Amino acid sequence: MEITLTPIATVVGGRSEVADDYWGGVRSIIRLNEDLPVSTLQGLDEFSHIEVVWHFSRGSEADIHLGARHPRGNADWPETGTFVHRNHRRPARIAVSHPRLLRVEGQDLHVEDLDAVDGTPVLDIAPWFVEFGPRGEVSQPRWPGEMLSNYWEAPKS
């Protein structure tokens, strides 16, 4: 089965280059498509964070990697399968982020800490409900914390 998705918005501003780290404090705008009514955003401004589903549009079919590999090519971290990685090498090239919603102005959602670059197509937007967060104890191996230690640091100038 094939699924076709039409973007509902586009990321405007923020960072223009793809990078593995230093996304902290990056401000950008998620601009809703003009054909969607502003009323689709009514009430969203009452939430501190939103969930954004977006497409790794700068990746390509040639970038997809199925199978196991070392995260970021670092042999100190174990080889892990495609669905353990959270990057553009996934088959659907879809990402999910949870930026802070600063304000809503017309068709524009002003956000902070959205790790998608200028021009990125946005597939869906939803408010973050605490009740939809993980239930129970959350666990993970050591390597993601090491790998992402600089992820939310402010960009280097």
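So, which pattern does the protein chain follow when you read along the sequence? It goes β-β-β-β-β-β-β-α. Before I go on, please keep in mind that this is a predicted model.

Counting up the secondary structure, we get 7 strands and 1 helix. For 157 residues the globule rule gives 15 Å, and the radius of gyration here is 17 Å, which is close to that, so the chain is as compact as a globular protein of that length. If you draw a box around the C-alpha atoms along the principal axes, you end up with roughly 50 × 40 × 35 Å.

Okay, on to the inside. Of the 157 residues, 32% count as buried. In general, nonpolar side chains in soluble globular proteins tend to be buried together. In this model, the largest nonpolar core has 18 residues, and the ones with the most contacts inside it are Ile-30, Ile-50, Leu-109, Leu-114 and Ile-125. Which strand gives the largest share? That's E3, with 3 residues.

Setting aside its neighbours within four places in sequence, Ile-50 is in contact with quite a list, including Ile-30, Leu-109 and Ile-125. Also among the contacts of Ile-50 are Leu-44, His-98, Pro-99 and Trp-128.

Then there's the helix. H1 covers residues 143-147, and Met-147 lies in it. Is Met-147 buried or exposed? Its relative accessibility is 16%, and the cut-off for buried is under 20%, so Met-147 counts as buried. Who does Met-147 touch, leaving aside its neighbours within four places in sequence? Asp-21, Pro-71, Arg-72 and Trp-77. For a sense of distance, Met-147 and Arg-15 are 132 residues apart in sequence, and their C-alpha atoms are 21 Å apart in space.

The accessible surface comes to about 10100 Å², and carbon and sulfur atoms account for 51% of that. As for charged side chains, there are 15 positive and 24 negative, with the centres of the two sets 4 Å apart.

Technical notes. Residues are numbered from 1 along each chain as its sequence is written. This is a predicted model: local features need pLDDT of at least 70, side-chain atom pairs count only at pLDDT 80 or more; totals for chains, interfaces and linings use all residues. Side-chain values use heavy atoms; hydrogens and water are left out. Helices (H or I, at least four residues) and strands (E, at least two) are DSSP runs, numbered from the N terminus. The radius of gyration is taken over C-alpha atoms; the globule rule is 2.2 Å times the number of residues to the power 0.38. Buried means under 20% relative accessible area, exposed over 50%, partly exposed in between (1.4 Å probe, protein chains only). Accessible areas come from the Shrake-Rupley method with a 1.4 Å probe; for residues, only the protein chains shown count as cover. Lys and Arg count as positive and Asp and Glu as negative; His and the chain ends are not counted. The place of a charge is taken as NZ of Lys, CZ of Arg, CG of Asp or CD of Glu. A nonpolar core is a set of buried Ala, Val, Leu, Ile, Met, Phe, Trp, Tyr and Cys residues joined through side-chain atoms within 4.5 Å. Contact means heavy atoms within 4.5 Å.
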